[in-house]
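Have a look at it yourself and then read on.

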Amino acid sequence: MPSLLTRYGVVLLVAAIVAALPYIVPTSFYLRVAALVFIFSIAVLGINLLMGFAGQVSLGHAGFFGIGAYAVAVLPTHFAVPTWIAFIIGIVVAGALAFVIGRPILKLKGHYLAVATLGMGILIAMVFTNEARFTGGPDGMPVPRLILFGWRARGSEAWYWISGVTLVLATLLTANLIDSPTGRALRAIHDSEVASRVLGVDVARYKLIAFVLSAVYTAIAGAYLALFDGLVTPGTAGFMRSIEFVAMAVLGGLGSIFGSIVGAALLTILPQMLTVFHDYEHIALGAIMIVCMIFLRAGIVPSIATFFRRSAS
């Protein structure tokens, strides 16, 4: 019963936030920022599934983010594919590529795995930059609007609800997955691959499942961002985007579902707030992150949860 309460408590909390925010914020600008938070949260949930629960490092997930983004741009523009079908194709391609690439590179460990995923991300970004005939090259390309049954998805409010509902569903799926036999296998692998093998866990299979699922989450987020902004550039799949995702996951708390959302929110909202410092904006942001990591070493959400548990006992 406590597991069920914890699992659905997180989902209900996220759903309550999504439902309440439009009645709290004063202008549509805040809905736009919230939509960005939701979109990045979906990607970070995928990263956390891989790093926080399965214990596998990835510095190349921006590549899958870019696949989702460019799918909804290239296919409708050059091949007259309806946007919603292009969205599905992008997710399938990202998942299939993760399956093919994941089988060999997930045999690596530690910094070897990190470098391998980094190389994967760089190669994908290079394709987007060099195939200018289809992608627009370094300048990027416009993204057609999403149209469903005659309804055109445009504006901050529409994408707030699309991304918000998707985040709630992604949170529910992740919570159910973590409390399933697959989730328990992933946590066992995170603690010790050797012990997991002794207990009969197919380590390679479960690591691949986590890698593919994380790629799918990230591709969905990439497609949403491209459709929301109406523009996609190679920077969408750049190395710094991968670092940003990892920073969000670590800052919010690896192994914490709600931590993924908190980390995404913090690194999306803080730069907006720190613009008052002008030239010192990045210094202030870096200082805040350093302080958080010094005093909240497990991440914001797990550290605060541990503090309250100790206070209660």
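**Notes on packing and salt bridges**

1. Let's start with handedness: the crossing in which α2 passes α7 is left-handed. Keep in mind that this is a predicted model. By class, 15 nonpolar, eight polar and two charged residues make up the contact of α2 with α7.

2. On the geometry of that pair, α2 covers residues 28–53 and α7 covers residues 156–178. Their axes sit 8 Å apart, and the packing angle is about 20°. Angles under 35 degrees count as roughly parallel, and α2 and α7 are therefore roughly parallel to each other.

3. Now for the charges. How many salt bridges does the structure hold? The count is five. Some of the residues involved are joined up: Lys109, Glu193, Arg197 and Lys207 are linked in a network of salt bridges.

4. As for accessibility, Lys109 counts as partly exposed, at 49%, whereas Glu193 is buried, with a relative accessible area of 12%.

5. Glu193 also has a salt bridge with Lys207, and here the N to O distance is 3.4 Å. What does this pair tie together? Glu193 lies in helix α9 and Lys207 in helix α10 (residues 203–229), so the two tie together parts that are 14 residues apart in sequence. Lys207 is buried, its relative accessible area being 4%; buried means under 20%, so Glu193, at 12%, is buried as well.

6. Last one, over in helix α11 (residues 239–252). Glu244 and Arg241 form a salt bridge there, with the closest N and O atoms 3.3 Å apart. The two residues are three apart in the helix, so about one helical turn separates them. Are these side chains' residues buried or partly exposed? Glu244 counts as partly exposed, with 25% relative accessibility, whereas Arg241 is buried, at 17% relative accessible area.

Definitions and conventions. Residues numbered from 1 in each chain as written. Predicted model: local features only at pLDDT ≥ 70, side-chain atom pairs only at ≥ 80, totals over all residues. Heavy atoms only, no water. Axes fitted to C-alpha atoms, helices over the stretch in contact; angles between N-to-C directions. Helix = DSSP H or I, 4+ residues; strand = E, 2+ residues; numbered from the N terminus. Parallel < 35°, antiparallel > 145°, perpendicular 65-115°, else oblique. Left-handed = near helix turned anticlockwise from the far one by under 90°. Nonpolar A, V, L, I, M, F, W, Y, C, P; charged D, E, K, R; others polar. Salt bridge = Lys/Arg side-chain N within 4 Å of Asp/Glu carboxyl O. Buried < 20%, exposed > 50% of the residue type's maximum accessible area, 1.4 Å probe, protein only.
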